[in-house]
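Welcome! Please take a moment to look over the sequence and the 3D structure shown here, and then read on for a guided visit.

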Amino acid sequence: MVKVNRRQFIILSTASAVTASVASIALAQNNRNPFKSQALSPKFYKSAGSLLKLDLEASSRPISLGGKRAYLLGYNGQVPAPRLEAQAGDTVRIRFTNNLTQPTNLHYHGLHVTPVGNADNAFLDIPPRESLTYEFTLPKNHPSGTFWYHPHRHGYVAEQVFGGLAGLFIIRGELDEISEIQAAKEEFLILQDFALDGNGRIQSPNHMDMMMGREGELLTVNGQIKPTFSIASGGLLRLRFLNASPSRFYRLALENHPFYLIATDGGALAEPVELKELLLAPGERVEVLVRGEREPKQYRLLNLPYNRGGMEMMEDEMNMMGGSSHMMGGKSQVNPQILATLTYQGSVSTLPLPKQLIPVETLPEPKTVRRLELSMEEKMTPGMGMSFTFNGKAFDPNRIDAQVRLNTVEDWELVNVDPDRMDHPFHLHVNPFQVITRNGKPEPYRAWKDTVLVRGGETVRIRIPFRDFSGKTVYHCHVLDHEDLGMMGIVNIQA
Ligand code: C2O
Ligand code: CU
């Protein structure tokens with residue numbers, strides 16, 4: 001068997017162009033009343049009488065993005081999708097219709113619900129023109145927090161999320177009931193990036209875009225460009241961030257203004273943590289409190305430059321193409337970008353920060369430690385492309401990679417051995433976990449996560465309790481092109 005090195009591979013694949021077989025998004029014929037649908041469907045759905053019930057439809061639509069017409073993919077015609085809100089113990093029933101030209105399905109990212117049946121089942125396949133009713137019940141002790149939903153049909157995930165398919169799934173509960181949090185004004189910030197051509201159509205990624213993970217130059221917050229949020233002097237503002245971009249990282253800072261982290265992916269911290277900036281990898285969420293404690297003027301929410309690795313590989317390719325290869329937006333960013341503006345408006349009597357939030361349990365130290373190596377590898381057959389792997393293996397829907405027992409706790413050691421030192425955000429479905437150490441150093445505070453960044457060369461140890469639900473589910477890299485290119489594995493939880 002012949003093994004090609006990366007350099008040979010790049011030559012082979014650019015010559016044959018077989019690897020980049022990206023299905024283009026065919027547009028729906030229904031172009032009448034382009035903007036009407038957006039106004040007609042509600043922007044959020046809330047559960048009533050312990051039931052969250054709605055119809056959800058995925059389709060391609062012309063949508064207004066920054067005042068220009070863009071042909072995106074939306075749920076109920078909206079980008080971002082309508083926000084869903086439920087509470088612990090509620091039943092969720094979603095009648096979903098696929099009006100895309102590709103197969104799709106729904107993933108409820110971060111929810112602790114069953115992976116079996118018409119629930120958080122990444123193995124479901126809903127062909128175009130078909131419908132499926134999702135139904136599942138949230139456990140009575142489900143944590144409150146910022147979760148989300150997006151397509152998860154293997155092979156199409158990056159393309160569909162890059163089209164705009166993503167929405168928040170909020171679970172209300174104990175965090176919302178803390179009086180200081182209740183007094184805060186609440187805003188949701190969904191971060192999405194897009195790459196559009198002059199006609200408002202989504203650009204197709206080239207081979208390099210997919211290797212790095214596709215990014216777009218157009219940065220949006222809630223489908224808007226540089227929106228403004230306001231805070232009252234003395235008041236509290238609760239900002240709930242979701243990185244719904246397929247590959248873009250956001251290194252967030254509020255210029256000259258402190259903020260306080262109160263929750264991560266899986267819900268609340270035990271107490272607020274003051275931060276100057278934070279890094280949000282694809283799939284991750286955070287909640288922060290901002291206090292109206294500064295001079296009343298405008299403050300910019302910035303995306304600071306961040307290098308997520310892989311640059312050497314890209315430079316190789318650029319040189320080989322005689323500098324003619326360009327990417328949609330994955331180039332290294334040098335200057336801060338403005339995402340939004342915070343303005344002071346009015347004043348209220350000074351509100352205190354909460355001192356305590358929700359206790360985060362200490363998990364018992366487990367006997368089982370599993371090692372997962374994250375990497376990018378050349379395929380065995382020359383010209384067949386690269387694949388992204390766990391322990392050297394690309395995703396196989398018929399292989400179980402990790403066999404675990406229900407009601408046990410395991411430590412997983414995530415080791416990034418990528419030769420190009422690319423960052424890979426690791427995500428596990430159904431069961432949230434805690435990060436124990438990074439390169440052997442303990443984490444500064446305990447928090448529930450479902451997506452954790454594993455930087456190039458880094459080893460991250462996470463502790464996972466497998467509770468309540470048996471069945472097969474997946475873990476994968478949340479740079480969604482990497483997931484589609486094989487960086488996904490199956491865990492079977494046995495009762
Ligand atoms: Cu948000 Cu399996 O993904
Ligand atoms: Cu990755």
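In which strand is the place of T389? The answer is β22, the strand that covers residues 386–390. Please keep in mind throughout that this is a predicted model.

Is T389 buried or exposed? With a relative accessibility of 1%, T389 counts as buried, because the limit for that word is under 20%. Leaving aside residues up to four places away in sequence, T389 touches E373, L374, S375 and E377, and also A394, G486 and M487.

## The chain as a whole

Let us step back for the wider view. The protein chain holds eight helices and 31 strands. Of its 495 residues, 59% are buried.

## The copper site

Now to a metal. Which residues coordinate the copper ion (ligand 2)? They are H424 through its ND1 atom, C477 through SG and H482 through ND1, at 2.0 to 2.1 Å. Along the chain, the donors of this copper ion follow the spacing H-x52-C-x4-H.

H424 belongs to strand β25 (residues 424–428) and C477 to strand β30 (residues 471–477), so this pair ties together parts of the chain that are 53 residues apart in sequence. Both H424 and C477 are buried.

## The largest pocket

Empty space is worth a look too. Rolling a probe the size of a water molecule over the atoms shows where such space is left. In this model the largest pocket contains about 590 Å³ of space. It is lined by 20 residues, and the closest to its centre are L279, E284, R438, E443 and Y445.

Which elements give two or more residues to this lining? They are β15 (259–264), β17 (277–280), β18 (285–291), β26 (434–438) and β28 (451–454). The element that gives the most is β17, with four residues.

## Strands side by side

Strand β4 (residues 83–87) is mostly covered, with four of its five residues buried. On one hand, β4 is joined to strand β1 (residues 44–46) by three bridges, and the two run parallel. Within that pairing, F44 has R83 of β4 as its bridge partner. On the other hand, β4 pairs in the parallel sense with strand β9 (residues 167–172) over four bridges. There, the bridge partner of E85 is I170 in β9.

Another parallel pairing joins β23 (residues 402–405) to strand β31 (residues 488–494) through four bridges. Q403 has N492 of β31 as its bridge partner.

## L51 and its surroundings

Strand β2 (residues 51–65) includes L51. This residue is partly exposed, with a relative accessible area of 23%. L51 and D90 are separated by 39 residues in sequence, while their C-alpha atoms are 5.5 Å apart in space. Not counting residues up to four places away in sequence, L51 touches T91 and R93.

## Backbone details

Most residues other than glycine have a negative phi, and most peptide bonds are trans. With that in mind, here are some places to look at in the backbone. V79 and P80 are joined by a cis peptide bond, with omega about -5°. P80 is found in the loop between β3 (68–75) and β4.

Where is N391 placed? It is in the loop between β22 and β23. The phi of N391 is positive, near 50°, and N391 is partly exposed, with a relative accessible area of 40%. D468 also has a positive phi, near 70°. D468 lies in the loop between β29 (459–466) and β30, and its relative accessibility of 48% makes it count as partly exposed.

Key. Residues numbered from 1 in each chain as written. Chains lettered and ligands numbered in written order. Predicted model: local features only at pLDDT ≥ 70, side-chain atom pairs only at ≥ 80, totals over all residues. Heavy atoms only, no water. 1 Å grid on protein atoms, 1.4 Å probe; cavity = no way out; pocket = protein on both sides within 12 Å on 5 of 7 lines; lining within 4 Å. Points joined across faces, edges and corners; volume = space filled by probe spheres on them. Donors = N, O, S within 2.8 Å, 3.2 Å for Na, K, Ca; no water. Buried < 20%, exposed > 50% of the residue type's maximum accessible area, 1.4 Å probe, protein only. Pairing = 2+ DSSP bridges. Contact = heavy atoms within 4.5 Å.
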